[in-house]
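Here are my notes on this model, as numbered points. Please read them with the structure open.

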Amino acid sequence: MYYTSSSSSSSSSSEGSVDDERLVSSGEEESGLDMMKRNDPRKTRISYVDIQHVTEEESWEELGRDISNNTHLEIVELCAGALDEHKVSLLFRGLTRSSSIIELDLNDNGFSVPGVRSMVPFLENANNFTYLCVNDNNIQSEGFNIMFRALRDSPIDMLHCDRCGIGSIEIDTEHIPKNLTYLSLIGNIINANGCHELAKLLQGGDSTLKDLYLRGNTIDDEGVAILVAALQRNTSLETLNLRGNDAISKQGKVSLLRLVCNISSIESTLQSNHTLRDLWFKSDEEIQRHINIAVRINNRNDYNQEAAGREKVIQTQLHSGTRAALCRLQGIDHVVYGDISPLHLPEVLSSIGRSHGQGELYNALKSSIAGVISTVNMKKCIQQLRVTKRLP
């Protein structure tokens, strides 16, 4: 039996186990494992300090069973060599369910696919479980795929799988965790094929993912194009971190800029992504600056897609300097006033004056006046005014 109080841990094993009731009544200091076994409501966290004296094989399985039976334990942190492949398998032979555990942190224990397989019953039967960290374990693609499928019906909210050797992800749309909002896959070997699978988490009206960290992978322009396509209509993702993916060229970065602020037309600007609030990649100062402006507009308008779109039009399409810079970066030769009905020009020009001052208003007048003169059909304008304002 693995339970020992701190005052009796130096006693020889021949003295036998300490009775929990006698331990408490005698006033001796009680160990964390003793408290956990008694289901003491004060014991809500278990860590390496609690299990450092657990050595026997049968004790690991027994520890797992007692954690399963506990109804107050919320956080299990067994990190940095506290376990190994064999101990993980033994622990989860007993730990097959939980009604109380919220967080499980197993980072840097060196286990691989067999360790993940042993965790499956727990992952499928932990009904309060919202946080899992397996960073710095060698679970590879197979282990990630097994774990992700097992979490299908879990309430899991945050999943950390950094530096785990993950590359060829396989995501079954029928086995996507329904409450997942945060996924970190930093420092793996995910490429365009992996992006194709990750795109499945971003498509459809029921996407829940808010934060996706892909820093330090092997994503290139093709992978970026796949993610951009998935994010065109996505209204859940707020953070996309692509720093450290050195294969992304300027072309890939421009496609990310176009995602959040497409300058090709006013309609395209209005239909840009207005949800992303943080979008990062290997530094390109000019492109990143324009992306930062766009995502700050998203942030200011707090999920109001229409308001964010209007502000982007005013700040980009209706500002000559900004529009020129974005057109140059996105390879577009575009005259914005061709998109605007002459009947709406007075309102647009007024908005330019209010937002950008007299200098920009003058530029707008110079750019728009020839188009107004050449395109206005006076008879048609009068007819429209009669309809809208009911003139005689």
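1. Helix H4 (residues 57-69) has 13 residues. From first C-alpha to last, H4 reaches 19 Å, close to the 18 Å expected at 1.5 Å a residue. Keep in mind that this is a predicted model.

2. Which residues of H4 are buried? Ser-59, Trp-60, Glu-62, Leu-63, Gly-64, Asp-66, Ile-67 and Ser-68 are. The buried residues of H4 pack against helix H2 (32-37), strand E1 (45-47), helix H3 (48-51) and helix H5 (85-94).

3. Now the core. The largest nonpolar core holds 85 residues. Within this core, Leu-132, Phe-144 and Met-147 touch the most other members. Helix H6 (residues 113-125) gives the most to the core: six residues.

4. Met-147 deserves a look. Leaving aside neighbours within four places in sequence, Met-147 is in contact with Val-116, Leu-123, Leu-132, Val-134, Ile-139, Leu-159 and Cys-161.

5. Next, the aromatic rings. With ring centres required to lie within 6.5 Å, the count comes to four aromatic pairs. Why is the pair of Phe-122 and Phe-129 edge-to-face? The ring centres are 5.3 Å apart and the planes stand at 65°, and planes over 60 degrees apart count as edge-to-face. Both Phe-122 and Phe-129 are buried. Ring pairs also link Phe-92, Phe-122 and Phe-129 into a cluster.

6. Finally, a charge over a ring. The charged end of Arg-277 sits over the ring of Tyr-303, 4.4 Å from the ring centre.

Definitions and conventions:
Residues are numbered from 1 along each chain as its sequence is written. This is a predicted model: local features need pLDDT of at least 70, side-chain atom pairs count only at pLDDT 80 or more; totals for chains, interfaces and linings use all residues. Side-chain values use heavy atoms; hydrogens and water are left out. Rings of Phe, Tyr and Trp (its six-membered ring) pair if their centres lie within 6.5 Å; planes under 30 degrees apart count as stacked, over 60 as edge-to-face and the rest as tilted. Buried means under 20% relative accessible area, exposed over 50%, partly exposed in between (1.4 Å probe, protein chains only). A charge sits over a ring if NZ of Lys or CZ of Arg is within 6 Å of the ring centre and within 35 degrees of the ring normal. A nonpolar core is a set of buried Ala, Val, Leu, Ile, Met, Phe, Trp, Tyr and Cys residues joined through side-chain atoms within 4.5 Å. Helices (H or I, at least four residues) and strands (E, at least two) are DSSP runs, numbered from the N terminus. Contact means heavy atoms within 4.5 Å. The expected span of a helix is 1.5 Å times one less than its number of residues.
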